Amino acid sequence: MIRVRGISKTYQMGNTLVKALDGVDLHIPQNEFVAIMGPSGSGKSTLMNILGCLDQPDNGSYQLAGEEVASIDDDQLASLRNRSIGFVFQTFNLQARRTALENVMLPLRFSNCPKVEARERATQILSKVGLAERAHHRPSELSGGQRQRVAIARALINQPEIILADEPTGNLDSKTTEEIMNLFHHLHQQGQTIVVVTHEDEIAQHAQRVVTLRDGKIKEDKFND
Ligand SMILES: Nc1ncnc2c1ncn2[C@@H]1O[C@H](COP(=O)(O)OP(=O)(O)O)[C@@H](O)[C@H]1O
Ligand SMILES: [Mg+2]
């Protein structure tokens with residue numbers, strides 16, 4: 001599914017170079033549930049952005065769903081990304097003036113999906129994340145956990161092969177965090193591949209596998225019992 005070999009990424013900050021990733025090898029097979037941990041600044045978001053094809057490494061190779069990401073053109077990359085990846089962010093990134101349902105439908109706007117079908121699919125996915133009754137509410141009328149569930153539904157609408165979530169519970173209290181992790185757990189049991197960045201040990205317990213980064217390198221890669 002995801003195969004990364006020897007990737008590095010250096011940022012320039014004024015006159016200094018910051019090595020955000022330094023020779024990372026990672027293979028994530030289909031239907032795995034992986035937690036990425038590590039201190040702030042260890043390269044977690046840089047790795048997620050590369051896995052999500054939002055950024056490219058300076059060196060090394062990245063194969064997503066059998067395709068070498070560096071060798072395909074921008075249009076193909078956009079299409080591969082839409083088909084393969086669903087993103088969930090810490091800050092939800094919902095459109096304030098749209099309802100939950102409309103937010104979930106957004107990724108289908110540029111596909112050939114007819115509007116009636118888009119609405120139907122979005123409704124189904126909202127009920128899958130337990131939000132059927134909130135479909136016509138705007139984000140401001142929803143709790144943090146409900147907003148994140150809308151964002152997860154939006155990430156799922158294109159039936160992506162993999163969900164990438166960068167600190168999805170960073171803005172949520174512990175009870176809501178538990179709810180969101182149970183939802184990921186449930187999606188995983190239905191066959192979804194999930195990579196989630198987290199600071200919290202309890203969250204990592206939900207995953208099958210925990211990859212720990214430090215200074216841009218993989219320090220530990222272990223499977224939970
Ligand atoms: N766009 C950027 N420009 C300059 N430096 C960056 C940029 N993004 C990340 N970095 C630096 O790269 C390192 C890794 O950052 P990041 O991947 O965001 O870590 P994490 O998500 O683990 O906190 C940090 O030292 C950070 O300051
Ligand atoms: Mg980060």
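Which strand pairs with strand 9 (residues 209-214), and over how many bridges? The legends below take up this pairing and other parts of a predicted model.

Figure 1. Strand 9 pairs with strand 10 (residues 217-223). The sense is antiparallel, and there are 6 bridges. One bridge sets Val210 against Lys222 in strand 10. The two strands form a hairpin with 2 residues between them. Asp215 sits in the turn, with a positive phi of about 50°.

Figure 2. An unreviewed UniProt entry annotates residues 2-225 as "domain: ABC transporter". Over residues 2-225 the chain is 33% helix and 29% strand. The end C-alpha atoms of this stretch are 23 Å apart.

**Figure 3. Strand 4, strand 5 and the loop between them.** Gln63 stands opposite Glu68 in strand 5. The loop between strand 4 and strand 5 holds Ala65. Most residues other than glycine have a negative phi. Ala65 is not a glycine, yet its phi is positive, about 50°. Ala65 counts as partly exposed because its relative accessibility is 33%, between the cut-offs of 20% and 50%.

**Figure 4. Helix 6 and its buried side.** Helix 6 (residues 174-189) has 16 residues. From first C-alpha to last, helix 6 reaches 22 Å, close to the 22 Å expected at 1.5 Å a residue. Its buried residues are Thr176, Thr177, Ile180, Met181, Leu183, Phe184, Leu187 and His188. They cover an arc of only 150° around the axis, which puts them on the same side of helix 6. An α-helix has 3.6 residues a turn, so residues three or four places apart point the same way. Ser174, Lys175 and Gln189 are exposed on the other side of helix 6. The cover over the buried residues of helix 6 includes strand 3 (33-37), strand 7 (162-166) and strand 8 (193-197). It also includes helix 4 (115-128), helix 5 (144-156) and helix 7 (201-206).

**Figure 5. Helix 2 against its strands.** Helix 2 (residues 74-84) has Leu77, Leu80 and Ser84 buried. Their arc around the axis is only 65°, which puts them on the same side of helix 2. They pack against strand 4, strand 5, strand 6 (85-89) and strand 7. Asp74 and Asp75 are exposed, on the face of helix 2 turned away from the buried side.

**Figure 6. Glu167 in its loop.** Glu167 is found in the loop between strand 7 and helix 6. Its phi is positive, about 50°, although Glu167 is not a glycine. Is Glu167 buried or exposed? Glu167 counts as buried, because its relative accessibility is 16% and the cut-off is under 20%.

Terms used
Residues are numbered from 1 along each chain as its sequence is written. Chains are lettered from A and ligands numbered from 1 in the order in which they are written. This is a predicted model: local features need pLDDT of at least 70, side-chain atom pairs count only at pLDDT 80 or more; totals for chains, interfaces and linings use all residues. Side-chain values use heavy atoms; hydrogens and water are left out. UniProt positions are given in the numbering used here, feature names are shortened, and annotations may be inferred rather than shown by experiment. Helices (H or I, at least four residues) and strands (E, at least two) are DSSP runs, numbered from the N terminus. Two strands pair if DSSP finds at least two bridges between them. The expected span of a helix is 1.5 Å times one less than its number of residues. Buried means under 20% relative accessible area, exposed over 50%, partly exposed in between (1.4 Å probe, protein chains only). The arc is that of the directions from the helix axis to the C-beta atoms. Contact means heavy atoms within 4.5 Å.
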